[in-house]
Amino acid sequence: MAERAQSNVTFIRPAQGWTAINLRDLWLYRELIYFLTWRDIKVRYKQALLGIAWAILQPILSMIIFTVIFNRFLGVKPDAGIPDEFYPIFGFAALLPWQFFQGALQRASISLVTNANLLTKVYFPRLIIPFSAVAAGLVDFLFSFVVLAGLMVAYGVPFTLRLLWLPLFLLLALLAALAVALWLAALNVQYRDVQHMVPFLLTAWMYASPVVYSAEAITVSPFWQAVYALNPMVGVIQGFRWALFGTNPPGTAMLISAAVVLALFVSGLFYFRRMERVFADMI
Amino acid sequence: MSEFAIRATRLGKQYRLGALYEPRYRTLRESLGGLFKPGQRAPQETIWALRDVSFDVQQGQVLGVIGRNGAGKSTLLKLLSRVTEPTEGEAEIRGRVGSLLEVGTGFHPELTGRENIYLNGAILGMRRTEIERKFDEIVAFAEVEQFIDTPVKRYSSGMYLRLAFAVAAHLEPEILVVDEVLAVGDAEFQRKCLGKMGDVAREGRTVLFVSHNMSAILRLTEETLVVEKGKLALRAPTPEAVDYYLAQGYAREGERIWQSGEAPASAAPFRPLAVRLRNPQQKVVNSLRSSEENTVEVEYCLDAPITGLRVGIYLMSMRGETVFTSFDTDDPRLFEQRSVRPAGHYFSRCTLPADLLNEGRFVIGINASAYRVRRYFQDEQALTFTVDATGAPGTQWPEPRLGAVRPRLEWKIEAI
């Protein structure tokens, strides 16, 4: 590997304080992100009878349960302007990014501990581990996206140019999951409490996001709406629904969500880098 | 004038004792508790696993590293392969490092052989194109052609090891760091690994090779570092380093005593107290005559009863080759009688018969284990001693005899 051999001098010394992100190493090991992601996907469905079909079944089953309980029994309505019988697809539009976020966060926050054998035996940039855990959720997302397209046809929801915004909203969901996961994964190395806490955190988080209800339900005051939008998934889900139905265009809520994600992501990166050097000793 | 590939300058690594022996991670409650009650916080005990270690490795040199368990060898390798950061000092490394701290790191049992080759290759730092190029070679080396698309969980342990080593062996770093890889696997596999290591060395790559296998160290390296209690004790041509290592310290007395707390906590409830070598007059000696019967004595305590325990010795030549292994319950009847050994203070003694060993230096190792259940304690270099062959068969010819044993065999001479 001539290109790697040249001037390939590494200094090993104790790091002091906050360290910069080592982008060069991250780039050199980019293929490892791919392989670990691929491993996660492969292994997840390897011994499941229905295999990758679970990626489709999970959101569909959740959609049915939510529709029966929240829409039929409790009378929860979709956004104003969306007919009541559209509740299933209204719910699915939120479940799509939510389940991606939930799965990514769940896997990534325990990813360092599940890969402890790698951490203690080989060097590579540790950031790769949570990165690939989050990326592994993208395949599931693609499959359930196909389901969404099918539902759109079934319900007669038009395909508009607004849909082109979806990748941006997905990116926001991905960064949100990664940002929180960087904190939780690093904390979990030191405090295993984190992995017991994450399921509860996610349940609470789901109800704090407009998954089963419409964001319009939060009508207290503009101030509380802004507080509500501190939850990045509010912006993401509103964005998804807007792209499909054109209701509630994402405005300030989206900006607030994006700002929160950015702040969490950057601080998470630095915290992770700071903790990185003791991972192998503590895990 | 060749250039250095590795230059370590006063490298040191400090561990908190808690981080080594306690459950490594803390719970939040413990941390919060410490926060609110600062007065009651346990003082942090620290140890230096490695300190003030400086050395150079020239490009293309094959350097051995030897030392007892816990001397700091593994810490040194972990620092050089960047798994963990030093607490002080620094190292400069010129070239791509491939580290083999174990074989099969990252192998996933559910994935097939083919998939694991790619995954493991990527983890070890190989490019995908590089793996593709060497794929056939790897499969051939591992001899798993027919099973390449079978999940590795269905592999025999031998196949698994061969495949894992094959991937690692085809990594082409400028600097290869190897730890005890050869301690696993059968003799055939070990021979293959050693052969491959020899090839790597001949190709002019820099190799740092850690092993307990003295014959492998002697065969593969010309110069060796001896690490002792976290310090670099000696750097010398390998034969000299091996002699030093095997002859060092307490071994001189013909007795190895474990102070309380010296044996690892992981050995509990087995607690080694001493290994002694006694001559026919019951004196503790470090030099014995092969023409006499001598005794090896292992003294230990059991803090709790152990089922299926066997306590035994290894006898090794100076070169690290095992002459024999023997356990106190090798006799099936004795093993039946002692199926559960109650807590208490014990001696296990065995007799080394007369006319067994050739002259030279030998090493006694001890092992306490329950077959297929657990290895409680092991020290492969507990004691060294010399054998004097006066009166042994054939000493009327004052010539050195090859071989570790010098038995008195019965000969008949017939004239036809």
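Start with chain B of this predicted model: of its 416 residues, 39% count as buried. Colour chain B by secondary structure to find 10 helices and 20 strands. If you display contacts in chain B between residues at least 6 apart in sequence, 71% of them join residues at least 24 apart.

Next, select the largest nonpolar core, which has 180 residues. The members that touch the most other members are V134(A), A173(A), A176(A), A177(A), A181(A) and I364(B). Now highlight helix 10 of chain A, residues 166-190. Helix 10 of chain A supplies the largest share of this core, 18 residues.

Centre the view on A181(A). Leaving aside neighbours within four places in sequence, A181(A) is in contact with A104(A), L105(A), A108(A), S109(A), P130(A) and V134(A).

Move on to a helix pair in chain A: select helix 5 (residues 87-109) and helix 13 (residues 232-245). Two packed helices are described by the angle between their axes and the distance between the axes. Here the axes of helix 5 and helix 13 of chain A come within 9 Å and cross at roughly 140°. The two helices of chain A are therefore oblique to each other, and helix 5 passes helix 13 in a right-handed crossing.

Show side chains at this contact. From helix 5 of chain A, display F90(A), A93(A), A94(A), L96(A), P97(A), W98(A) and F101(A). They meet M233(A), V236(A), I237(A), F240(A), R241(A) and L244(A) in helix 13 of chain A. Coloured by residue class, the residues of this contact divide into 12 nonpolar, no polar and one charged.

Note on methods:
Residues numbered from 1 in each chain as written. Chains lettered and ligands numbered in written order. Predicted model: local features only at pLDDT ≥ 70, side-chain atom pairs only at ≥ 80, totals over all residues. Axes fitted to C-alpha atoms, helices over the stretch in contact; angles between N-to-C directions. Helix = DSSP H or I, 4+ residues; strand = E, 2+ residues; numbered from the N terminus. Parallel < 35°, antiparallel > 145°, perpendicular 65-115°, else oblique. Left-handed = near helix turned anticlockwise from the far one by under 90°. Contact = placed C-beta atoms within 7 Å. Nonpolar A, V, L, I, M, F, W, Y, C, P; charged D, E, K, R; others polar. Core = buried A, V, L, I, M, F, W, Y, C linked by C-beta atoms within 7 Å. Buried ≥ 20, exposed ≤ 12 C-beta atoms within 10 Å, placed from the backbone.
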